[in-house]
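Welcome! Please take a look at the sequence and the structure below, and then we will walk through them together.

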Amino acid sequence: MRVIKTVKEMEGVAKALRRSGKSVGFVPTMGYLHEGHLSLVKAARRENDTVVMSIFVNPIQFAPGEDLKKYPRDEKRDMELAEKEGVDILFIPSVKEIYPRKNLTFVEVKEITEYLCGGKRPGHFRGVTTVVAKLFNIVMPDRAYFGKKDFQQFKVIKKMVEDLNTDVEIVGCPIVRERDGLALSSRNIYLSEEERRSALSLYKSLILAKRTIESGEKSVENIKNRIRDFIFSFPHVKKIDYIEIVDQNSFEVVEYVKEGDLIALAVFIGNARLIDNWVVGEEL
Ligand code: AMP
């Protein structure tokens with residue numbers, strides 16, 4: 001595995017790969033790798049000649065007061081995991097490499113970023129789309145892999161490449177969960193053992209929602225209330241950031257749930273803000 005730390009070197013390698021006609025699959029991450037990230041590498045490995053992974057904790061997608069400073073990092077372990085999974089090129093730029101000068105240019109997807117995490121974390125998606133657009137320009141991949149754990153992010157990136165005519169195929173991959181159902185996340189490290197048990201309320205509430213819908217309930221208000229009461233029955237639930245049932249393309253709220261709608265949750269367990277989701281009708 002080749003480790004690259006500068007934009008210049010990465011651009012050179014990307015150009016050479018393009019010229020050689022080899023297909024490039026790209027997995028952008030913020031590191032502290034887990035099986036969720038590695039599932040994206042597996043998908044990229046299957047579909048491309050070369051797999052590039054990036055690790056970059058992007059400061060401009062964090063609002064003041066969020067966890068940028070304490071975001072978990074372990075470069076050595078990440079390198080080992082990436083290499084073992086078959087990553088060919090690991091791109092680990094510094095903040096200075098990605099933002100060497102004052103950045104005056106931003107990529108912003110409108111409307112669909114106003115809901116869910118976009119509504120609760122102003123500026124977050126602008127930071128995400130800006131850095132992903134930069135990374136696409138540097139790495140020039142044929143395909144890029146995103147987890148549906150961050151369902152809204154996946155859709156926002158898809159919209160960005162569509163609107164900007166970026167020649168990258170965006171591939172969405174299923175949520176990887178622990179054996180008990182907890183969605184894998186780098187932020188799970190923030191949880192104490194007790195909080196970890198409460199964190200399972202997210203997944204369990206989605207199961208509850210699934211059963212409720214299967215029993216014939218269609219009222220979004222009723223389903224949301226059941227989810228809320230269930231989550232609040234666990235200790236250490238500091239705050240429910242949102243529980244929403246929305247159209248999976250527009251992210252606008254719906255009144256009656258139907259197949260294909262998205263149930264999305266964001267909950268603070270202790271100090272960790274955790275998200276999870278389920279597309280109605282899909283496997284859970
Ligand atoms: P992050 O490092 O958290 O920014 O995530 C990098 C990529 O991994 C994003 O596309 C995430 O959606 C994806 N990812 C994170 N956790 C999971 C998971 N549990 N299952 C599938 N994909 C995930």
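To sort residues, Ala, Val, Leu, Ile, Met, Phe, Trp, Tyr, Cys and Pro count as nonpolar, Asp, Glu, Lys and Arg as charged, and the others, Gly among them, as polar. By that scheme, the shell around the ligand holds 9 nonpolar, 6 polar and 2 charged residues. This is a predicted model, where local features need pLDDT of at least 70, side-chain atom pairs count only at pLDDT 80 or more, and totals for chains, interfaces and linings use all residues. Residues are numbered from 1 along each chain as its sequence is written, and side-chain values use heavy atoms, leaving out hydrogens and water.

Let's start at the ligand. A polar side-chain atom of His37 is 2.8 Å from a ligand oxygen atom, and an N or O atom in the side chain of Asp150 lies 2.6 Å from an oxygen atom of the ligand. Val176 uses its backbone instead: an N or O atom there is 2.8 Å from a ligand nitrogen atom.

Now for the elements, which are DSSP runs numbered from the N terminus: helices (H or I, at least four residues) and strands (E, at least two). Helix 2 gives the most to the shell, with 3 residues.

Next comes the sheet, where two strands pair if DSSP finds at least two bridges between them. Here 6 strands form an open sheet in the order 1-4-3-2-5-6, with parallel pairing. Strand 1 (2-4) and strand 6 (169-173) each have a single partner strand, so one side of each is left without a neighbour in the sheet. Strand 5 and strand 6 run parallel and are joined by 5 bridges; Phe146 has Gly172 in strand 6 as its bridge partner.

Terms used: A polar contact is a pair of N or O atoms within 3.5 Å; within protein, one must be able to donate a hydrogen and the other to accept it, and residues adjacent in sequence count only if both atoms are side-chain atoms.
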